[in-house]
Amino acid sequence: MIDRQTKFLIVGLGLMGGSYARGLKRRGYTVYAIDKNPDSIAFALQKGWINGGATMDRTLIQQADVVIFGLYPHAMIQWIQTHQSDLKPGIFITDVSGVKCHIVDAVQALLRPDVEFIASHPMAGKEVSGVQNADDAMFLEANFLITPTERNTPEGIAFAEEFAKILEFHHIAVLSLREHDEMIGFVSQLTHAIAVSLMNCNDNPHLHEYTGDSFRDLTRIARINEVLWAELFFANQDVLVKEIDAFTAELQNLKNKLIEHDEEGLKALFVQSTQRRKRFDK
């Protein structure tokens, strides 16, 4: 399905798109890119991460066998609306979007019937952005999520799995759109909301002079792209609000243990959290 003749086109050459390009090119594949920023294209060409690229070139779209979108969700929908007529019949396209419900439905509803969109989500990233920070090594310990719908074929799902294996993701999982967004609401969006809130609840300008690793680790992701994450939060609003409510209730539970001097209850919370965290230590 994917072979050495496969031509990949990355649309949106940021951190994730750039990391995909770097990983694919390093493994011997032909990779092209489209990005509105000519400096991003120039950087990737200079690094040898792409075979060619442009801010827009219909020829690059027409010759692509696989298209990978590194765009923000709504920008991806707009791009497909405008340029899908240039896509090859039978082509597979996928994405990196952090929210799937509504976005995937919208893309699949507007696509030509001879083009298949199989949504996926690399659970990897950094607190910095841009192709200059691209690094495919982050995929080696990362999970790769595939979110098919009834519109997808077995071949489309197999393509997504093969793609993830080529880039050597640590674990591949298949989820429904709703399962994905509920899980992301907790493990990703809530954690970003907590990190942002931690940084915003204290305006002491000297905190960085006093803190240790625990605060730095907890707030690393508070360095956040406000445009992208606002879009993701609103796209998954109902799920995220529920998760914030659940977290607030659990924090209140811990607070009550302190107020009531319930030492055993507090220790029980610590023991439970320690046991659950051990599942990640492999």
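1. Helices (H or I, at least four residues) and strands (E, at least two) are taken here as DSSP runs, numbered from the N terminus. With a relative accessibility of 33%, Asn37 counts as partly exposed, where buried means under 20% relative accessible area, exposed over 50%, and partly exposed in between (1.4 Å probe, protein chains only). The C-alpha atom of Asn37 is separated by 8.6 Å from that of Leu13, which is 24 residues apart from Asn37 along the chain.

2. The model is predicted, so that local features need pLDDT of at least 70 and side-chain atom pairs count only at pLDDT 80 or more, while totals for chains, interfaces and linings use all residues. Residues are numbered from 1 along each chain as its sequence is written, and side-chain values use heavy atoms, with hydrogens and water left out.

3. The protein chain contains eleven helices and nine strands. Its radius of gyration, taken over C-alpha atoms, is 21 Å, close to the 19 Å that the globule rule gives for 282 residues, so the chain is as compact as a globular protein of that length; the rule itself is 2.2 Å times the number of residues to the power 0.38. Of the 282 residues, 43% count as buried.

4. His121 belongs to strand S7 (residues 120-123) and, at 9% relative accessibility, counts as buried. Leaving aside residues up to four places away in sequence, His121 touches Val96, Ser97, Gly98, Lys100, Asn143, Phe144, Leu145, His180 and Ile184, a contact meaning heavy atoms within 4.5 Å.

5. Most residues other than glycine have a negative phi. His102, however, has a positive phi of about 75 degrees; it lies in the loop between strand S5 (92-95) and helix H5 (103-110) and, at 56% relative accessibility, counts as exposed. For His261 phi is near 55 degrees, again a positive value; this residue lies in the loop between helix H10 (237-259) and helix H11 (263-277), and it counts as exposed at 71% relative accessibility.
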